[in-house]
Amino acid sequence: MGRITLEKVRKSFGETQVIPPLDLTIEDGEFVVFVGPSGCGKSTLLRLIAGLEDVSGGEIRIDGRPATDLPPAKRGLAMVFQSYALYPHMTVRKNIAFPLKMAGMSEDEKKSRVERAADVLNLTDFLDRRPGQLSGGQRQRVAIGRAIVREPAAFLFDEPLSNLDAALRVGMRLEISELHERLKTTMIYVTHDQVEAMTMADKIVVLRKGNIEQVGSPLDLYRNPRNRFVAEFIGSPKMNIVEGAEAGRHDAHAIGIRPEHIDVGEGPWEGKVGVSEHLGSDTFFHVHETGLADVLTVRAPGEVNHRAGDKIRLSPQLDKLHRFDRDGLRIT
């Protein structure tokens, strides 16, 4: 079981409050992603759950049991850090088994758990190698294996893929998602990369300055952002924001339209093509001189042959328009 509840949990460093009181429930078996810009408090919140930081107030419960004052080793959680923190002189087998050795587990049980973890992570053929003989992705799998053998109530991942190159990040992202499907264990994952959040999470927690801005499924946050901050943070490329007279025509202080919800061709908006990014499956246009915003980003399917300097007409899909008031809150 891995149900985690936070009730009015807060954190201060001296006079500086970094996590205002917040409430959050993470259900057993959920894959929850904490996402937000640098300095928003997502890693601090994860460390509070893990017990690596003391809370300044509030209550943390794990499976209904008070855990606020428990040391990390007593919480039944396993953490995977950005740094692999492997022992270079030990084999993969010994690295994975290390927490079991420290717990005084029998040799037979250690062997069984290590072999099960290695099988789950496709590391069986590498058990007798040392970390220096592995790729970055393989080393990260060893770090995850060291967490798996503990059979925790929940896994806590703190930006585990940030040290990997782009191709390895995609591969490991899939591997962690598949691991969750196999283990059905609660996972909390911290990232600043909203693409990781959208593709991996059952539930996303968007944070800003320690506050929870919105909690919901990836598609719920994409379709129904609670405010302008969430609207601009979720989605890639980011949502276009238009203020002024055009927003006023829609009874709003600002309107938002995603690049994929602007059609190229006839329409009420006109501008000049700047940079075009051709990706094969899509083309991104950065459109200037619209009188609406400094730059509008437009996403068109396939290859579209517009060059820099071309005049272009645009038509927003009005049913996909988002309206925001002066405080940045979504107008329903």
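Predicted model: local features only at pLDDT ≥ 70, side-chain atom pairs only at ≥ 80, totals over all residues.
Me: How many residue pairs are in polar contact between domain 1 and domain 2?

Reply: Six residue pairs, both members at pLDDT 80 or more, are in polar contact between domain 1 and domain 2. The term denotes a pair of N or O atoms within 3.5 Å; within protein, one must be able to donate a hydrogen and the other to accept it, and residues adjacent in sequence count only if both atoms are side-chain atoms. Residues are numbered from 1 along each chain as its sequence is written, and side-chain values use heavy atoms, with hydrogens and water left out.

Me: What area do domain 1 and domain 2 bury between them?

Reply: The two domains bury about 780 Å², with 51% of it on carbon and sulfur atoms. Buried area is the accessible area (1.4 Å probe) that two parts lose on being put together, summed over both. In domain 1, Y222, P225 and R228 lose the most area to domain 2, together 72% of what that side buries.

Me: Why is the pairing of R228 with E243 called a salt bridge?

Reply: The closest N and O atoms of R228 and E243 are 2.8 Å apart. A salt bridge needs a side-chain nitrogen of Lys or Arg within 4 Å of a carboxyl oxygen of Asp or Glu, so this pair qualifies. The rule finds one salt bridge across the interface of domain 1 and domain 2, and 23 in the whole structure.

Me: What makes the salt bridge of K203 and E30 a link between separate parts of the chain?

Reply: The side chains of K203 and E30 meet at 3.1 Å, N to O. K203 lies in strand 9 (residues 203–208) and E30 in the loop between strand 2 and strand 3, so the pair ties together parts that are 173 residues apart in sequence. Helices (H or I, at least four residues) and strands (E, at least two) are DSSP runs, numbered from the N terminus. Both K203 and E30 are buried.

Me: Why is R3 called partly exposed?

Reply: R3 counts as partly exposed because its relative accessibility is 36%. Buried means under 20% relative accessible area, exposed over 50%, and partly exposed in between (1.4 Å probe, protein chains only). R3 forms a salt bridge with E27, the closest N and O atoms being 2.9 Å apart. E27 also counts as partly exposed, because its value is 33%.

Me: How do you know whether T283 is buried or exposed?

Reply: T283 has 0% relative accessibility and therefore counts as buried. T283 is placed in strand 14 (residues 282–288). Its side chain reaches the backbone oxygen of G302 at 2.7 Å. Beyond four places away in sequence, T283 touches several residues, including E277, H278 and V304.

Technical notes
Contact = heavy atoms within 4.5 Å.
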